[in-house]
Amino acid sequence: MKGRTILLGLAAMVLAAGFTFASGSSESQKSVSIQFAISPREVGKVIPDFINGFEQTNPGIKVDWLQVPGVPNEQHTMYVTDLASQSDKPDVIAVDVIWPGEFIANGWAAPLNDYFTTADVSKYLPGMMNSVSVDGKIYGIPLYTNAIHLFYRKDLLDKYGLAVPKTWEELQSEAKTIVAKEGNPDLVGYISMWAQIEGLFMNYLQFMWGAGGQFFDSGGKVTVNTPAARKALTTMVNMIKDKTAPQSITTYKPNDAMALFRQGRAVFMVVQDFVWPMLNASDSPVAGKVGMTRVPYFAGNSSANTVCMGGWILIVNPYSKNKAAAAKFIKYITTEQAGLKMAVDTGSMPALNGMQNNQTLLEQYPIAKQLYADFAVGDVRPSARAGAKYPELSHEMQLEIHSALVGEKSPEKALADAQANIAKLLGQ
Amino acid sequence: MSRTRLSEPAYGILLVLPMFVIVVGILFLPTAYTIGLSLSNFSFIKGAARSFVGLANYFAMFADEEFRSSLINSVFFTGVTVVLELLFGLVLAVILNRKFVMPGLLRATVLFPWALPTALNAIIWRWLFNPDFGLFNSILVTLGFSATKINWLGEIPLSMFSMMTVAIWKTSSFMALILLTGLQTIPADLYEAAEIDGAGFWYRLRRITLPLLTPSILLALLFRSMDAFRAFELPFALTQGGPAGSTQTLSLFGYRQFFQFLKFDTGSAVSVIQFILIMALGALYLRVFRTEAD
Amino acid sequence: MTDLTTSRTLKGTGWTVLKYLFVLFLVVLFFFPIAWIFLTSIKTTGDIYAWPPTYLPHHPTLKNYEAVLFGSKLGRYILNSIIVSSLSTISVLFFSSLAGYSIARIHFRGRGFLLIFFLAMSMFPQLSIVPSLFIWFRKLGLINNYLGIVIAYTGLFSPISLWILSTYFRTIPLEIEESAKLDGCGRLRTLWRIMLPLSIPGVIAASLIVFIQTWNEFFLALVLLSQNLLRTATVGIALYPGQYSFPWELITTATFLAIIPIFALSAIFQKQIIGGLTAGAVK
């Protein structure tokens, strides 16, 4: 009798505890309430301040922060299923720069021309705006950006009297020279993030652009099997074959490459620029010995743009009941003042033009001068053109490129397959 | 107290009913719905037309190179891991089938891999296999093979073999447990009689142990091969299906269709194909089981 | 005579030494990964990413534990796991003990079929059920909700609990039930007062196995509990690496912490768990 009562009581308590914790965020019922979905990962530190500041200057609006998981794929699934079922929340969504293409094609982003004038829009980096502009309408505002850059060991280049490479040919020969002369078995010439991830596609694009290639031709047809593309992929494959890059490069995410470079085990590294503070931190073995510049091009293509940009865009849910409030919030957190705070507190660079002239920013991040010069000319992946099919397109490209890198397919076959599959995917 | 008593069978059915309802609701009906989805062009977009498309999704999947290779990967993975797990499990069981020292420690040790979450185990091994800082390559360097930095998870077909190693490490001890129980049901006097007759170790193994152990072996094989064919979290956490999709199992491929591309129609076709194959596997084993039992 | 005894004792000692060595071998084989994870978790980042490699930490530190316990959501993830696994275990026990008692003891047509039916159901691959459950649970508001995942786990894990419990129920002598009936005990009372208490080993085994399996379950937890604050430990840690990085110092620490409860349970209750797992095998 006693035992039974105790057991039942325990069970009841556990059940009660369980259900009181049942759901996520609480709702506030004052005036207008908007929900802002963004991961705490990259800029989480400044979000509470942004929200407080905004609420103080806009007393009728409450902002609720929906903290989403840090893995983009997870976020993507969440948002797509919500938007596809026409949920009115979240109101403002931070999306990866490659999603607007898909979202716009499916009607999952509200046009913002009513809330942002041409003058407003001109404040933002044109490369980023490329990803949200379709048919003269804009569907998003960029929050922060980064780009893939080349990092090099200044000290090693100086030691052997070598200039900072501008072409891939120069980079490869310099890498080989330095590695041979250093005689250090743990030093490799080149590392990057060549695991089967989105970053691989980005890196490949830079090689391809640097060879004069384009992903889509002017008629909108996919052109992924061109001589330029083949040159790009073959170069990548050969870098592994002739041991300029270690074989293990095919498993590296950006941080894996960064960890190696930080230990001084590589001469050149190509990853996103968010690694810069970590390389120069006080406990970094290579602090002060690192330089950063644009990713090289192939000889003869000096006008090629090799800056591939990433970053996060803010969109407004087309089913939101508070679009005006949402747009206000977006404007608030993308001002120069907010951007500066974000840069200083989190290291993520705002997607605004002219930040290279902001003295406060330059004091904190002298490298910002170089960064913004690059951002001004950078481009994004072809997500807007690919529209709703971008995820599959990217996955297919990653698969084929990786197949070539690990020697499963020849570069020619990989690109031929990519061309065939993507053309089929896009119905071309 | 007087109350109308339900008849015996009715009462029995009443007690089973709640569980029946839940199991049917969670396992049976969703599978049926998935079959239905696989024959349609379902999309999440509200208001999108949903119509019957026959076997179109199935044709699309079989025409997809990635699907075919995921299927082959699953078959290959299942075949090799199950056989090796059985082998190692059998050896371990035979050795452990004696009075041993520290039985408590032994039991805890053998049980531990089973208790580990597969996904976290995969993460642990991912760290062990790390080409630059992992334990295995570190040991190789210390032993003097510093030139050899093995790319455990970045080469084809090495990555598949690495993944199989993780699976075999995790499950062999569980197999051993199942087989050990089977071994312990074999009457000791059978062995004694054989020993008196002068039978050697191998003879005893072939003529007594294996035949009497066959039911346990078949059962273990059944469960294990079904599990191996469904492998999801191991490739998900260990390699994400890489390099170049060489460790992508059918489940991982299906997951991508559903939750990365939101293609619930082709994804369902993948589910159904996997379902049919698993049920066929089960039926096959049952067949063998029944012939053995006779 | 003396010679034979000596040689026999020597042989005995030889065997014992071998047995100890073998136990050592097994312990090393099955525990080295977790040992390495532990070592990594108490190293500084410098040590973890050092080359040539360091095996033992130069300056063992608890910094990673601090970062994980106070700076990450791991505590929340583990709490979620505890809640989900506890609720699921209770729910599974409830449904499967009713059904198990019925199948083991009450004669009705189709009880043999039901047992096989439940066993067959438990073999359905998650890939077949997850998409449909995702669609239905979204409509019913059961996504990101403890209730939803507990219902799903009940369906998923009741069969194995049924199998274990009914095996243990069958071992209880019929006379005890008969005398209970004579005393006027109804069926449910019999189950609660007599069957379950007498099958405590079975109940414990079933509870532990279900608890551990729900703790380790990945696919359904991944899909049904997608909000960060609701993630279970297993999924939360596996998804911790972001798009850019694999912070090994944090992941190894979190993994080690998440495994301790499971390890403790399986070590303490080893006999019961093994008994439950092999109950089906013996049939």
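**Interfaces and a buried serine**

Student: How many salt bridges are there between chain C and chain B?
Tutor: A salt bridge requires a side-chain nitrogen of Lys or Arg within 4 Å of a carboxyl oxygen of Asp or Glu. Between chain C and chain B, the number of such salt bridges is zero.

Student: What pLDDT do local features need in this model?
Tutor: Residues are numbered from 1 along each chain as its sequence is written, while chains are lettered from A and ligands numbered from 1 in the order in which they are written. Side-chain values use heavy atoms, with hydrogens and water left out, and in this predicted model totals for chains, interfaces and linings use all residues, side-chain atom pairs count only at pLDDT 80 or more, and local features need a pLDDT of at least 70.

Student: How many residue pairs are in polar contact between chain C and chain B?
Tutor: A polar contact is a pair of N or O atoms within 3.5 Å; within protein, one must be able to donate a hydrogen and the other to accept it, and residues adjacent in sequence count only if both atoms are side-chain atoms. With both residues at pLDDT 80 or more, the number of such pairs between chain C and chain B is 14.

Student: What area is buried between chain C and chain B?
Tutor: Buried area is the accessible area (1.4 Å probe) that two parts lose on being put together, summed over both. The contact (heavy atoms within 4.5 Å) takes 98 residues from chain C and 94 from chain B. Carbon and sulfur atoms give 81% of the buried area, which is about 8,800 Å².

Student: What area is buried between domain 1 and domain 2 of chain C?
Tutor: An automatic or database domain assignment gives domain 1 (2–41) and domain 2 (72–277) in chain C. Their C-alpha centres lie 36 Å apart, and six residues of domain 1 are in contact with five of domain 2. Carbon and sulfur atoms give 88% of the area buried between these domains of chain C, about 550 Å².

Student: Is Ser159(B) buried or exposed?
Tutor: Residues that Ser159(B) touches, not counting those up to four places away in sequence, include Trp152(B), Pro243(B) and Thr247(B). Buried means under 20% relative accessible area, exposed over 50%, and partly exposed in between (1.4 Å probe, protein chains only). Because its relative accessibility is 0%, Ser159(B) counts as buried.
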